[in-house]
Amino acid sequence: MKKTILRQLLMLSKRVMYGFLIQLFFCTVLLANTGNAQRKTLEEVKISVNLTDKSLSQFFRLVEAKTDFRFTFSDNLVNLKHRVSVVADNNSLYEILETISRQTDLNFVQVNSNIHVKAATKINERVTIPNLDDITVNGNISDENGEPIPGATVIVEGTNSGTVTDINGDFSISVNEGSVILVSFIGYQSQRIIIANQTLLNIILIEDNTMMDEVVVVGFGTMKKTDLVGSSASANLEAFRESPNVNILQSLQGSVPGVSIGQTNRPGQENSIEIRGQSTLSGSTTPLIIVDGMIFSGRFSDINPVDVENVEVLKDASSRAIYGSMAANGVILITTKPGKKGKPTFNYSGFSAISSPSNNARLLSREEFLQKVRDIEWRNSFTPESGFTERNSDWDFFQSEMRPPLVEGLNNGTDFDWYAAVTRPAHIISHTVSTSGGSERTNFYMSAGYTNDRGFIINDDFSRFTFRLNIQNKITDWLSLGANVASTFSDRSGEAPTMNTLVRSSPLVLPFDEEGNFIVNPVADLNVNALISPTNDNLQKRNRLVGNFFTIISLPNVKGLTYRVNYGNNSVFNREFGSRIFGAGQTGEAFKNNSLELEHNLDNILSYSTMLKKHTIATTFVYGFNTAEFESTSATGFGYKDLTLSYNNLSLADFQRIGSSAWNEALIYQMGRFNYNYDEKYLLTATIRRDGFSGFSKNNKFAIFPSVGFGWAISEESFFDVPFVDYLKARASYGENGNRPGRYSSLA
C-alpha cells in the first residue's frame, strides 16, 4: 500500500513538473510585453478611513494597503510621528488628503501611482496633480551597481511639476534654472539637486537599509518586522559581501544571536551549526534548510554565497512550529536573488585569497625530539644529585625505548621535516558572473560561478561549479509563473594525510628508502607513512540538480486572496572511487561507491489578508507533501597483483565484495496560521500544523504541533513618549515542534 501511494505521488509530481515546464516555454513569448493600465486620479479613488490620534506613518500604511498609491518623501522634511485624526466613509482620497494636509501643513502631489509629500507652500495647493512647464531636462537614475531604477519619483520642489522614471531609469522633466528637484524611491535615500544650466543628469541613489529591514521572510510568506511575535533574526550579509567566503555559513559566524557555527579545517567541509543550543543528545543538530520556500536537504556548500539575497533564522518554538516535526533543530530560510526591472545588466564578483593557520602547530625538530626523549627518561637521563636538572653523562639514547629505525636515524643525523613535506600555502579563488533584468511582466536573474579552494594540507582540495536561473513571468494581472533552477558540481577528489598520522611521525626517520621507494611504516609500528595517502587514486564528485517551479494566482475580484503552488525536484548524484597500492595489508585495494538521492516536494498555499478599520487580519493555509528516496551500490576488491587500471577493473582483485542499500520516506502535512493586528499595537499569531510521517512509530503516524505568540507595541501607545526610543515591543510565545515543547519570552 505504501509503495503504491509513493508511486502515485511521484507520478503526480512528474506530471506537475512537465506542466510547469510547458507553461514556462510558452510564456517566453511574453518577455517583451509591458502593461499600461490607466491610472486613476485622487478624486476617483474612494476609501473608508477611521483613525483617531494616530501617527502619520500609520495613515500612510493604511492608504497604501487600501489603494495602489505609494507615498514618497524625504525623511528630514516629514515628521512620521505627527498625530492625525480622520474619519471618512467612502470618501475620495483627494478629500481625505485635504483633511490630513490641514492638520500637518503638508502638500500632497500625485505623480502617476506615487503621492509625493512635501511642506505646503500655498494654502490652496495642499493636494495637486502636476502640470509641466516647457523647459526640459533629461536624466537617468540608477543604483550603486549601475542598474536602472524604474518608477523613481522626480519632483520640482515648490511647484506642481513631477514625473517618474521609465523601465530604463530615464526621465524627462520641465524646470526653470535655479529650481530644486527632489528624487526619491522606496528603499533608497532621497536626493535634492539644484538645477543650474544642466540639460542632462545622471543620478545614483543609495540604498536605505533601515527601510529594507521592514519586511522579513517567515515560513510560507513574508511579514512586516513590526508584526513579528516569534523570535527570528536576519543576517547582515552586506557586511560579508567582500569577504573570501565559499560557504554561506562562514558569513553567519558570530553575526546572528543565538546561532553557534563551528569552525572547519578542510576545504568544502560543512560547519557544525546549533540554534539556541543542543537539542538532542546523540542525534543530528543540523537545522532545517528552506531555499526559496522549498525544503533543501543538502549541504550549504552547494549554494553560491553570491546568489543569496537574504537569510532569516527562526529560533523559538513558536516561529518554527510552522514546519512541524522537521524543525526541532531550528529553521534557516535562504532567499536567492530575484530579477530586477530594467535593461539587462551584467556583474562580476571574484576574489583571490591566501590563508595560513592562526596557530602554526609545527612538529618537533631533531633536537626538540631528542629533548623530549630525555624528559621521558628523566630518572636516568638526569642526575639525582642535581635535583634532576643536569644531564647524566653515563646515559645515552641507546638506553631508551627508541625503536631501531629511530636509533638508526639518530646515528645518521637524520632530521626530516614532515610538517613542511605535507603542508603548502593555502589559496582560494572564486569567480561569479551574473546578469539580471526584466520588463513590467518578466524578470530574471542568472549566474554562473567557479570556486577553487586549495587547502593547507597537500591534496586537500575542493572545487565547485554553480549555475542558477531565477525567472518569473506575469502572464496576466492575476496569473504568474516562475522557476528557480540551480545546479552544483563539486569535486573533493584527492586523499590528504590525516593530522593524526602526521603528529606520530618522527624527524629521525625518512619517508623513502635509498631507491626512492616508500617506507610504509617508517618507525616500524602501526603508523603508516603520512606521504603515502596523497599518492592514492581518489575521486569524490557530487552533482546536485534543483528545480523549483511555482504558480501564483491572485483572484481578480477578491483583493488580498492569493493561491500559490510550489513544486520542487531535488536530485543528488554521488561518486566516490579509489585505489590504494598499500591498502588491504599492502596487497592493494580498490573500490567504487555510487549513490543517488531523489526528493520531491509539493505545496499548496492559500493566503488572505484584509484591513477593517483598526483591524488587520492575515491567514495562511498549506497542504503539501514531501517524498525522499536514497539508494547506493558499492563494490570493493582486495589483493591486486597490478593496480595500473586503478578502480576501473575491480574484477582483477583476488577477493571481491559487493554491497547495496536503500531507503525511502514520505511526509504529508497541513498547516494553518492566523495573524491579527489591532491598531498597530496588539499582535497575535496562532499556528497549528499536522504532520504524517513514515518515520513515526507504527501506531502513531500523525502528530500535531501548535504555537501561539502575543506582542504589544508599547511605543505606539499614547502614553509612551521617550525621545530616544523609536520602537519598543514586548512579546511572549509558546510552541511545540519535533515532539519537543519549548517556551520562550522576550522583550524587543
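**Ground rules.** I count residues from 1 along each chain as its sequence is written, and side-chain values use heavy atoms, with hydrogens and water left out. Because the model is predicted, local features need pLDDT of at least 70 and side-chain atom pairs count only at pLDDT 80 or more, while totals for chains, interfaces and linings use all residues. Helices (H or I, at least four residues) and strands (E, at least two) are DSSP runs, numbered from the N terminus.

**Helix pair.** I looked up H2 (residues 56–66) and H3 (residues 93–104): their axes come within 13 Å and cross at roughly 170 degrees. The axes are lines fitted to C-alpha atoms over the stretch in contact, with angles from 0 to 180 degrees between N-to-C directions. So H2 is roughly antiparallel to H3 (the term covers angles over 145 degrees). On the H2 side I find Leu56, Phe59 and Val63, meeting Leu93, Ile96, Leu97, Ile100 and Thr104 of H3 (contact means heavy atoms within 4.5 Å). By class, I get 7 nonpolar residues, 1 polar and no charged ones. Here Ala, Val, Leu, Ile, Met, Phe, Trp, Tyr, Cys and Pro count as nonpolar, Asp, Glu, Lys and Arg as charged, and the others, Gly among them, as polar.

**Cores.** A nonpolar core is a set of buried Ala, Val, Leu, Ile, Met, Phe, Trp, Tyr and Cys residues joined through side-chain atoms within 4.5 Å; buried means under 20% relative accessible area, exposed over 50%, partly exposed in between (1.4 Å probe, protein chains only). The largest has 26 residues, and Phe59, Phe71, Leu93 and Phe108 have the most contacts inside it. H2 gives the largest share, 5 residues. Another core lies apart from it, with 22 residues, including Leu249 and Phe296.

**Strands.** I traced E28 (residues 537–554) to E29 (residues 561–580): they run antiparallel, joined by 18 bridges (strands pair if DSSP finds at least two bridges between them). Asn538 stands opposite Gly578 in E29. Their hairpin has 6 residues between the strands, and Gly560 there takes a positive phi near 95 degrees. E29 also pairs with E30 (residues 589–612), antiparallel over 20 bridges, and Arg580 stands opposite Glu589 in E30.

**Loop residue.** I found Ser718 in the loop between E34 (702–713) and E35 (729–737). Ser718 counts as exposed because its relative accessibility is 59%. Ser718 and Asp53 are 665 residues apart in sequence, yet 8.3 Å apart in space, C-alpha to C-alpha.

Conventions: Angles under 35 degrees count as roughly parallel, over 145 as roughly antiparallel, 65 to 115 as roughly perpendicular and the rest as oblique.
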